[in-house]
Amino acid sequence: MSDVNGVTPLLEMRGISKSFPGVRALDDVSLTVRAGEVHFLLGQNGAGKSTLMRVLCGAHQPEAGEIRLDGEAVRLHSPADARRLGVAVIFQEFSLVPYLDVAQNVFLGRETGRRCMHAEARRLLQTLGVDIDTTTLVHELGIAQQQVVEIAKALSQNARILVMDEPTAALSDHEIDRLFTRIRALKADGVAIIYISHRLQEIAAIADRVTVLRDGKNVANLENPVNLEHLVHLMVGRRVETTYRQRFCERPGGVMLDVRDLASDTGVASASLTVRAGEVVGLAGLVGAGRTELARAIFGADRVTSGSVTVNGRILAGQAGQAGWAGRGSPVAAVRAGMGLVPENRKTEGLALNRSVEDNIVLAGLRRLFPKGWYFARAAATVAHDIVARLRIATPSIARPARLLSGGNQQKVVIGKWFTAGSRFFIFDEPTRGIDVGAKAEIYGVIETLVSEGAAVLMISSELPEMVAVCDRAYVMRDKRIVGELGRAELSEANILRLAMHHE
Amino acid sequence: MSSPPKGGHYRSTSVVSGFSRTVPGAAYLLAPLVVVFAIFGHGFATLPNLLNIGVQSSILLLLSLPMTLVIMTEGIDLSMGAVLSLCGVVMATLLTKEKGLAAGLLAALGVGTAFGVANGVLVVGLGLPPFVATLGTLGIAQGVALVLTGGQSVVGIGDTLPALYAREPLGVPFAIWSATAAFVVFRFALTRTRFVSYASAIGGNREALVLAGVPANLYHVAVYALGGFMAGAAALLLTGRISSGHPTAAIGMEFDAVAAVIVGGTSFERGKGSLGGTLVGVLTIGVLKNGLNLLDVSSSLQVASIGVLVVVALVIDSVLKR
């Protein structure tokens, strides 16, 4: 096999297809990578980048398609196969052992003599231009240094194809410069690098070619330099934008949530936003942009260091006084002020999985239902039946353990929990993650009902179509800050991406 | 071997090094304890008493070394005390039947290792929580020991083992030689053969170990098997010391071992651990018990003092971390 230049590409993935229940994650996707090039892989969340890389590293088996290395067809049955053939993946979550030292991590599973390991590890690190003591325990290193150790580990296994997933997400500007220097040196040694990032400006800095995926399909394969505006359009496509709302909010009511110059000890800085009764306001941004951190700070789950949060006219954080906890905010104060959080991980943060639907529904409302402290089983059951009927939760009985429900119905139980608590302002964090299409529409319906009855919703979502289809307005976050606000008329996938990716 | 490059300092420490890398909170307790007891404890700072502390600590060290590795894998082995009692009973029974010391030791090691492998299979193979799995084998070992003996001591084990136990080559008791040998094997041989590194990796990032092509399950089972094996080895010292077998002789000793390990700076999370720290932890508990004895503190209060020790050591560790 050879391409137009008569050179056999190092890696060829052709016609790769992979399905998961209910989703066609990859549909006839191809990717060609030459030795010594940095190949930028671009696409929205869910476009298929991660799945394609999992196929390449042997973690997923494709249903169709072939993989060729140096022109020879190979089968990758396991990550071990891929490693042996010189494919190494550096995920955002490093695969390092925290209490082993640098050399032991580099040679994990391939140990030789101590002296030999340390000498070789030192040599590898020197070629990468860093001076790290190889006897340092890995957990004592910073993120950037751990990343270098991962790269050294890959090189020690003679990796020829290095996949880097969002390598700059946690690095400072200075560290990014040094990473790029290292990547250029690897290129010069003939290593092929598949580089996944949401930061479009990095394309100009290091990419040779760009492959764009959308909805599990190839949409473009371009040589750098590329027009960034064009890339945004390729990623978004000319999709017909559907809406899930019957009607959008035209005349919002009073201010339900007022956040001013909020900063938290999780890094959120100077965030200001308002949500009014009757509105669904989106909080958009890429993974790691700080959306969940902002939501947790508003809810009082993380410590607020400055600024203020006011809900329903009650100051939860910012000024000492009504909030009690010296103005730092707390979930207790938030819930009493009428706030409800529907968290991203409903199984770990939203539900008591082994408890019944009934128990979960009344959990947050116990104070309100039974102010004297006595629990009346019949009253609780009545409330639970009422919520199950109102939200149309599909369960044979209110005694069924929450873990046995489908994802969509579990989510409704979490929402129902806040109904009994009397919440009027809701934060939804990725409300439809892991939920099938039919149930998604139902969740949107619940959200619409909530706001039409005068509640207000702040919704975090990584799915841009959902953001556009459900929200009245949206704030966009980047690097733990709010970088823009989009009204209904300006709210589009392309506009969100431009703000979120730092490409004006 | 090439010499270290300039700027790069090459220290001959390894991951599970004790004093040089991570000084456990217990080290800050051991020194003051020794000073206090030396001043107020009558006869504390005498050679016979110090050797006595060593002898009293030796069985605990034999259990605490493998317990360190088990805890590094984010597990626990609650069955060690009961398995040790059972191994002692088995050894004593064989000795009363004059089968010879070697046969008795082999049987104890065999029984101990079998329980250790069973723990490993329950935890790794069947995915049971270590706490639950080893609580189950604790009950089984205890029950079997009681059934074998009818609840009575096994006496009349002959002179061979008591004589061996009473030997003091170079003036140092046999028990201390045994414990020292065990520590050397764990701290140096097992660390060099990457067994300890893999235990740390199982707790710290199992996925990384699997991706590196290491049979992680096998090593994980082996860590538990080693715990059982060491309980069998400790039976030699236990039986020698009490010159008999008793079905509940080592009951609850697993808790002292867990205390020693934790006091020594090993953590239940992320594969953090130190065999050197465990040695410090064992000695701290030994010094504390011995010193309180000399000060005529009741044994009930001694139990409480170990609890206080664990809490104080952890507080010191968490303060040092800041």
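A:Pro225 is placed in the loop that runs between strand 10 (217-223) and helix 8 of chain A, where helices (H or I, at least four residues) and strands (E, at least two) are DSSP runs numbered from the N terminus. The peptide bond that leads from A:Asn224 into A:Pro225 is cis, with omega near 5°. The model is a predicted one, in which local features need pLDDT of at least 70 and side-chain atom pairs count only at pLDDT 80 or more, whereas totals for chains, interfaces and linings use all residues. Residues are numbered from 1 along each chain as its sequence is written, and chains are lettered from A and ligands numbered from 1 in the order in which they are written.

Helix 8 (residues 228-236) of chain A packs with helix 18 (residues 493-500) of chain A, their axes coming within 10 Å and crossing at roughly 130°; axes are lines fitted to C-alpha atoms, for helices over the stretch in contact, and angles run from 0 to 180 degrees between N-to-C directions. Helix 8 of chain A is therefore oblique to helix 18 of chain A, since angles under 35 degrees count as roughly parallel, over 145 as roughly antiparallel, 65 to 115 as roughly perpendicular and the rest as oblique. On the side of helix 8 of chain A the contact is made by A:Val232, A:His233, A:Met235 and A:Val236, and on the side of helix 18 of chain A by A:Glu493, A:Ala494, A:Leu497 and A:Arg498, two residues being in contact if their C-beta atoms, placed from the backbone, lie within 7 Å.

Beyond helix 8, in the loop between that helix and strand 11 (255-264) of chain A, A:Arg251 is found. A:Arg251 counts as exposed because it has 6 C-beta neighbours inside 10 Å; a residue is buried if 20 or more other C-beta atoms lie within 10 Å of its own, exposed if 12 or fewer, and partly exposed in between, with C-beta atoms placed from the backbone. By contrast, nine of the nine residues of helix 9 (residues 291-299) of chain A are buried, and this helix is followed by A:Gly300, whose phi is positive, near 90°.

Positive phi values also occur in residues other than glycine, one of them being A:Glu166, with phi near 50°, in the loop between strand 7 (161-165) and helix 6 (173-188) of chain A. A:Glu166 is partly exposed, as 17 other C-beta atoms lie within 10 Å. For A:Glu430 phi is near 45°, and the residue is in the loop between strand 17 (425-429) and helix 16 (437-452) of chain A; with 20 C-beta neighbours inside 10 Å, A:Glu430 counts as buried.

In chain B, helix 10 (residues 253-263) and helix 11 (residues 275-294) pack at an angle of about 120°, with their axes 7 Å apart, and are therefore oblique to each other. Among the residues that meet there are B:Ala259 and B:Val263 in helix 10 of chain B and B:Gly281 and B:Ile285 in helix 11 of chain B.

The largest nonpolar core has 260 residues, and those with the most contacts inside it are A:Leu162, A:Val457, B:Leu63, B:Leu84 and B:Ala234; such a core is a set of buried Ala, Val, Leu, Ile, Met, Phe, Trp, Tyr and Cys residues joined through C-beta atoms within 7 Å. Helix 9 (residues 216-242) of chain B gives the most to this core, with 17 residues. B:Ala234 touches B:Ile59, B:Leu62, B:Leu63 and B:Leu84, when residues up to four places away in sequence are not counted.
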